[in-house]
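Trainee: I am new to this structure and would like to go through it with you. Could you show it to me?

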Amino acid sequence: MRILAFETSCDDTAVGIVENGVRVLSNVRHTQKDHDAYGGVVPEIAARRHNEVWRQVLEDALQQAKCTWDDIDTIAVTQGPGLQSSLLTGTSVASMLSLLYNKPLIPVHHILGHVTSCALDRGISLERVQLPALVLTVSGGHTSMYLWKSAHDVQEIGKTLDDAAGEAFDKVSRMLGLGYPGGPIVSRYAEKGDRRSFELPYIYLEKESLDFSFSGLKAAVKRIVERNHPELLKEGAKDLPETPDIQTFRANICASFEYVIGKIMIKKVGRALECYPEIQQIHFVGGVSANTYLREQLGMYAKRSRRAFSTPIDFGYCTDNGAMIAGAAYWLWKEDSSIAKIQYVEADTKRSI
Ligand code: KG4
Ligand code: ZN
């Protein structure tokens, strides 16, 4: 069963082709650079770019997979949640192709794509993934923990009450006069810094809470920047020359920030294991799971907790991508083949998992 999937929920135009839910034949993504200057995604710009590039992305995905439309059994698309104007490109194009080529279409929840992304390209069949799994999904738009029992039974057990962790990375990068997306930049600086150089707050919330909160941490970073290098907060800070002093400061604050994020994640995963001892595996997915330090920390913790630990095998499966949507569609279809039908799918920004 070959599924071709579209993912256009935010600022990436992506198409992936996956065989039997795990074997990735192609995973093509166009990342919009236009938003860098604004420090965040501008919906109008994102929508325009999706419309401009989807055809090329689709053609590249088919070509890389060495497929024609005859080789594709089913189409899938991210139905929501996401930006309405961005989702519209994916849902309209996928629906029209479904009607044009008489191919069944499966609508997919964006998060289910992230949730199932660890299974991609592992050379295993889906049956070997041990469930229930705890899935820590961390990106620029979401930070949540899910209990994954089956494709039709994914329960959110904790979520951020304010910023997503990826958003916090992006904002810290901005406060330091650095670029967007902030995650990879902050983590590059952090490698050279001292993780204990700045005292930042560990916000764990109430004793039993499985929720997250990062706004206090972000505010604490801002206060430290204001005290030490206020010039970095000003317009145009990006163009300031990087003196050794600024370089050390950036490295130390990034390292301290990453250290606290790691501690918070470990604490929350630990609480989830206490509440749901039936959890077999711990998965760390979403854009922030590309972070090497956080992978190491969570991996070590999982080992101590005697649980298997998994992250997407390729960084291209961490951030938003088409392969994860095709993979998730296969899980859904295996459990209920009636969901695949020739149809027109409407975007649904409020879709629940
Ligand atoms: O999953 P994704 O592509 O989009 C959303 O659904 O939000 O994730 C993008 C987020 C951005 O906030 C980016 O800063 C973060 O993932 N990110 C990272 C790293 N690479 C990307 N955060 C921390 N460390 C990284 N290496
Ligand atoms: Zn995402």
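Mentor: We can go from the overall fold to the metal site and then to individual residues. Please keep in mind that this is a predicted model.

Trainee: What does the secondary structure of the chain come to?

Mentor: The chain has 9 helices and 10 strands.

Trainee: And how does the radius of gyration stand against that of a compact globule?

Mentor: The two agree, because a compact globule of 353 residues would have a radius of gyration near 20 Å and the chain has 20 Å. Along the principal axes, the C-alpha atoms fill a box of roughly 60 × 45 × 30 Å.

Trainee: What share of the residues is buried?

Mentor: Of the 353 residues in the chain, 57% are buried. The accessible surface comes to about 15300 Å², and carbon and sulfur atoms account for 49% of that surface.

Trainee: Among contacts between residues at least 6 apart in sequence, how many join residues at least 24 apart?

Mentor: The figure is 73% of those contacts.

Trainee: Let us turn to the metal. Which protein donors does the zinc ion (ligand 2) have?

Mentor: They are H110 and H114, each through NE2, and D320 through OD, at 2.1 to 2.2 Å from the zinc ion (ligand 2). Along the chain, the donors follow the spacing H-x3-H-x205-D.

Trainee: Where do H114 and D320 sit in the chain?

Mentor: H114 belongs to helix α3, residues 110-115. D320 is in the loop between β10 (308-310) and α9 (322-335). The pair is 206 residues apart and links distant parts of the chain.

Trainee: Are H114 and D320 buried or exposed?

Mentor: Both H114 and D320 are buried.

Trainee: What about the angles at the site of the zinc ion (ligand 2)?

Mentor: The angles among the 4 donor atoms run from 88 to 145 degrees, and the site is irregular. Four donors count as tetrahedral only if all angles lie between 85 and 135 degrees, so a wider angle rules that class out. For reference, the ideal angle for four tetrahedral donors is 109.5 degrees.

Trainee: Where are the cis peptide bonds, then?

Mentor: One joins L131 and P132, with omega about 5 degrees, and P132 lies in the loop between α3 and β6. Another joins Y180 and P181, with omega about -5 degrees. P181 is in the loop between α4 (165-175) and α5 (182-190).

Trainee: Which residues of α5 are buried?

Mentor: In α5, the buried residues are G182, I185, V186, S187, Y189 and A190. Their cover includes α4 and α7.

Trainee: What can you tell me about F257 in helix α7?

Mentor: F257 lies in α7, which spans residues 244-275, and counts as buried because its relative accessibility is 0%. Beyond residues up to four places away in sequence, F257 touches A168, F169, V172, V186, L200, L217 and V221. F257 and S197 are 60 residues apart in sequence, with their C-alpha atoms 10.0 Å apart in space.

Trainee: One last topic: how many disulfides does the structure hold?

Mentor: The structure holds 0 disulfides. As to cysteines, C67 is buried, with a relative accessible area of 9%. C275, at 44% relative accessibility, counts as partly exposed.

Conventions. Residues numbered from 1 in each chain as written. Chains lettered and ligands numbered in written order. Predicted model: local features only at pLDDT ≥ 70, side-chain atom pairs only at ≥ 80, totals over all residues. Heavy atoms only, no water. Donors = N, O, S within 2.8 Å, 3.2 Å for Na, K, Ca; no water. Tetrahedral: all angles 85-135°; square planar, octahedral: opposite > 155°, others 65-115°. Helix = DSSP H or I, 4+ residues; strand = E, 2+ residues; numbered from the N terminus. Buried < 20%, exposed > 50% of the residue type's maximum accessible area, 1.4 Å probe, protein only. Rg over C-alpha atoms; globule rule 2.2 N^0.38 Å. Contact = heavy atoms within 4.5 Å. Areas by Shrake-Rupley, 256 points an atom, 1.4 Å probe, with all protein chains shown as cover. Disulfide = S-S within 2.5 Å.
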